[in-house]
Every structure is written in structure tokens, then in C-alpha cells.
Amino acid sequence: DGEVHMNELKNGNTEMFWNPTSEVRRQRLKRHIVLFEEQMDFESERLWQHVTSAINKGDQHKATQEKFVLEEEQRNAARERRESGTEWKPLLFRHDAGTNEWRYKYEDLRPWDPLNDIAQYEKDGILQTMERHLSTRMSNHKATCINNQITRHKRSAKDCRRRKTSDQPSNHSQNTESSCSTPESVQELSDDDGKYLGFESLCAQCGKEMNHLKEIHSAVLSLQKAQQDIHR
């Protein structure tokens, strides 16, 4: 968002190559970072702070020394793990044997949806996307849970009918038939039937997701209020 000049080495002339307008500057993406005091020891900004400081001061010798210290510590740590037989398990990355590359475990490769996606944020090293239509995602997950339970219910009904037909006729056939309490038509279940069958509390993930979304919503409201105070 700053001026860029093009220098001609032959004649020493300087020409303006890019001069963004105030409108362009206003549209600049905001940079969000984790506060330095909240970063863990191995996060880049904290880990390389002495190297960065030396570079900013123009002290290349000091920067090289600090870089050597870091690399030597990493080599010693790897040697100790190797000698003790300790396996290094990355927290946020996995090794792709096909490409022989390390990949971020929680990468989201879907296209950005400007109508639904509000912002991306990081929580405990995991990138997540704030969406406008949170209820849609929850309802889709809820529908999936219901469909899975209905499928299992149908399978139970089918197995039950198979057992009934395979049993030899007896005086207890009526009791055998009544022992299978699965409704014949699961597709026509009403809301009350769903509650009776236990669909009201679908799964632990639904509840956990809903609580997480409430926390996010509360945090966003707090951020919005802080932004308004800053603007004032």
C-alpha cells in the first residue's frame, strides 16, 4: 500500500511505477497476529526474535551467530530424541509419503465464499472460518445424524422381520413379533416420534459445536465493541 519507484540504471532516472490511491489503502487486508507474550516458545516470531533484531539493526554477524545457536539447539534436541528412541510427533503437521512433504493438518482448501465467509481466525494453532450462516451448517450436520440413526433403525427392523420369518410357528409367535418394537415405516416419523426414539439429543459433536459457536459469537461481539470504541 505504498509507493513503488522504478530506477533506470543506465541514466539514473527514477519513475513512479505504483502509487496507490487512498481508496486502495482503505481496502488493504488487515493483518491479525498472535500477541508476542501469548506465543509459545517455538512460534517463529518468538523463536527468531534475536535473529530478527540483529537483521533490523543491520548487524549481519550477530544475526548469523544467533541463527547458528538456534540450529545447534535443534540438532542437539534431535540427537537426544534419537538416542532415547523418542518419536517426534508434530502437533499441527503430517508427513505426506506420496510427495515427501509436510502438510498442515487442518488446511481448508475450499474456495472462499464472500456471501457466507466472514473471516478466518486461529485458535490453538488451528485455522477456522467464521461463517454468516452458522445455523445452516449445524442443520446439515443434524440432518446427517438423523439419517444415520434412521438407517440403523431400518436395519434393525429388517433384521427383526428376518428373525420373525425364520422362526418356526409356535404359540409364542405373537410374543416374538411384539418383541420387535421397531416401527414398520420409519420415514413417516413425526417430530414427537423422533424425540421418543432419542433423536432430540443427536450426538456429542452437535452439542460441542453449538457451544463452540456460542463462544465465537460472544468473542465477535466483544471485538466489534472494541473496534467501535477505538474508532470513537
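## Briefing on selected features

Glu72 has a relative accessible area of 27% and is therefore partly exposed. The structure in view is a predicted model.

- Across the whole structure, a search identifies 11 salt bridges.
- In general, side chains that carry opposite charges can pair when their charged atoms come close.
- Arg75 and Glu72 are 3 residues apart in helix α4, so about one helical turn separates them.

**Salt bridges around Asp229**

- Asp229 forms a salt bridge with Lys225, where the closest N and O atoms are 3.5 Å apart.
- Both Asp229 and Lys225 belong to helix α8, which covers residues 204–231. The two are 4 residues apart, about one turn of the helix.
- Asp229 also forms a salt bridge with Arg232, and here the closest N and O atoms are 2.2 Å apart.
- Asp229 counts as partly exposed at 36% relative accessibility.
- Lys225 is exposed, with a relative accessible area of 53%, and Arg232 is exposed as well, with a value of 72%.

**Packing of helices α3 and α4**

- Two packed helices are described by the angle between their axes and by the distance between those axes.
- Helix α3 spans residues 49–56 and helix α4 spans residues 60–84. Their axes come within 8 Å and cross at roughly 170°.
- Angles over 145 degrees count as roughly antiparallel, and α3 and α4 are therefore roughly antiparallel to each other.
- On the α3 side, the contact involves His50, Val51, Ala54 and Ile55. These residues meet Lys62, Ala63, Glu66, Lys67 and Leu70 in α4.
- The residues of this contact between α3 and α4 comprise 5 nonpolar, 1 polar and 3 charged.

- A network of salt bridges links Asp108, Arg110, Asp117 and Glu131.
- Thr129 is located in strand β6, which covers residues 126–131.
- With 13% relative accessibility, Thr129 counts as buried.
- Setting aside neighbours within four places in sequence, the residues in contact with Thr129 are Asp108, Arg110, Trp112, Asp117, Ala119, Gln120 and Tyr121.
- The side chains of Thr129 and Gln120 are joined by a polar contact of 3.5 Å.

**Asp41 in a loop**

- Asp41 is found in the loop between α1 (22–26) and α2 (44–47).
- The relative accessible area of Asp41 is 56%, and this residue is therefore exposed.
- When residues up to four places away in sequence are not counted, Asp41 touches Arg46 and Leu47.

Technical notes
Residues numbered from 1 in each chain as written. Predicted model: local features only at pLDDT ≥ 70, side-chain atom pairs only at ≥ 80, totals over all residues. Heavy atoms only, no water. Axes fitted to C-alpha atoms, helices over the stretch in contact; angles between N-to-C directions. Parallel < 35°, antiparallel > 145°, perpendicular 65-115°, else oblique. Contact = heavy atoms within 4.5 Å. Nonpolar A, V, L, I, M, F, W, Y, C, P; charged D, E, K, R; others polar. Salt bridge = Lys/Arg side-chain N within 4 Å of Asp/Glu carboxyl O. Buried < 20%, exposed > 50% of the residue type's maximum accessible area, 1.4 Å probe, protein only. Polar contact = N/O pair within 3.5 Å; in protein donor to acceptor, adjacent residues only side chain to side chain.
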